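Work through the following exercises with the model open beside the text.

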Amino acid sequence: AAEDDESRAAVAVALRIGEPVVTEADLRAAGEPETGRSTLCATVLVRGRPEACLHVSHRGVGGLFREQERQLAAYIVTLAGAALENARGFAEAQELSRSLELRVHERTAELSASKEEMAATLSLLSATLESTTDGILVVDALGRIVSQNRKFGDMWRMPPEVLAARDHEQMIACAVEQLVDANSFLTKIGELDEDPEAESYDVLEFTDGRMFERYSLPQRIGGR
């Protein structure tokens, strides 16, 4: 019922303004399995009066229709209006309609392939992090913990609840209790916070006699 209401609303707006209308719905908040819904509506005008409406909807993908699809829809309904008015152009309108439908299928396939590629990349990254003998902690520019591997928790002997919370301050508090020179450890963290592009190396001595080498490198995405 909600989907029908949204479609009727989009059609009503398209008929009123006489231009292609694109709407999107985020279904995640409604607890539905699909992530979104995309709708494209365009009015067929004959002698300036709305006579019909081109309506294309895809349930499962949000953000499917962009400016290029809006322009294509506008062209289709223009041809359709001319065809209805002078009984010509039906073949071209049908071909363009099939082209729009094909574009929907192609865009859906592209998005699906992109999601699968992302999932494969994340799986490979996770496997790589877990297979290393080093403890790894990733923190973003705002000091929020993005990721850590199991080896990090094992080396620092941190409680599971601290690791699960991903609270940077809790982890630091847990770490300083184990170090001989906690002040130097905190000073180095402050320096790295002040200069996110800095790289560092130091040796940490634990109160139980263990010694860790610590390397800090900036995380870069797209050269930044």
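**Exercise 1. Overall make-up**

What percentage of the residues in the protein is buried?

Solution. This is a predicted model, in which local features need pLDDT of at least 70 and side-chain atom pairs count only at pLDDT 80 or more, while totals for chains, interfaces and linings use all residues. Residues are numbered from 1 along each chain as its sequence is written, and side-chain values use heavy atoms, with hydrogens and water left out. Buried means under 20% relative accessible area, exposed means over 50%, and partly exposed lies in between, with a 1.4 Å probe and protein chains only. By that rule, buried residues make up 30% of the 224 residues in the protein. The protein has 7 helices and 7 strands, where helices (H or I, at least four residues) and strands (E, at least two) are DSSP runs numbered from the N terminus. Read from the N terminus, the elements run α-β-β-β-α-α-β-β-α-α-α-α-β-β.

**Exercise 2. Aromatic pairs**

Find how Trp156 and Phe206 are arranged, and state which parts of the chain their pair ties together.

Solution. A pair of aromatic rings is described by the distance of the centres and the angle of the planes. Rings of Phe, Tyr and Trp (its six-membered ring) pair if their centres lie within 6.5 Å, and planes under 30 degrees apart count as stacked, over 60 as edge-to-face and the rest as tilted. The whole structure holds 6 aromatic pairs. In one of them, Trp156 and Phe206 are tilted, at 5.1 Å centre to centre and 55 degrees between the planes. Trp156 lies in helix 4 (residues 150–156) and Phe206 in the loop between strand 6 (200–205) and strand 7 (211–216), so the pair ties together parts that are 50 residues apart in sequence. Trp156 is buried at 8% relative accessibility, and Phe206 is buried at 1%.

Next, consider Tyr201 and Tyr215, which form a tilted pair at 4.9 Å centre to centre, with 45 degrees between the planes. This pair links strand 6, which holds Tyr201, to strand 7, which holds Tyr215, across 14 residues. Tyr201 is partly exposed at 42%, whereas Tyr215 is exposed at 59%.

Finally, ring pairs link Phe152, Trp156, Phe185, Phe206 and Phe212 into a cluster.

**Exercise 3. The largest pocket**

Which strand gives the most to the lining of the largest pocket?

Solution. Grid points are joined across faces, edges and corners, and a volume is the space filled by probe spheres set on the points. The largest pocket holds about 1,500 Å³ of space. Its lining comprises 38 residues, of which Leu137, Val139, Tyr215, Ser216 and Leu217 lie nearest the centre of the pocket. Strand 7 gives the most to this lining, with 5 residues. Ser216 lies in strand 7 and is buried at 15% relative accessibility. The C-alpha atoms of Ser216 and Tyr201 are separated by 6.5 Å, although these residues are 15 apart along the chain.

Definitions and conventions. On a 1 Å grid over the protein atoms alone, a cavity is a set of points where a 1.4 Å probe fits but cannot get out, and a pocket is an open set with protein on both sides within 12 Å along at least five of seven lines; lining residues have an atom within 4 Å of a point.
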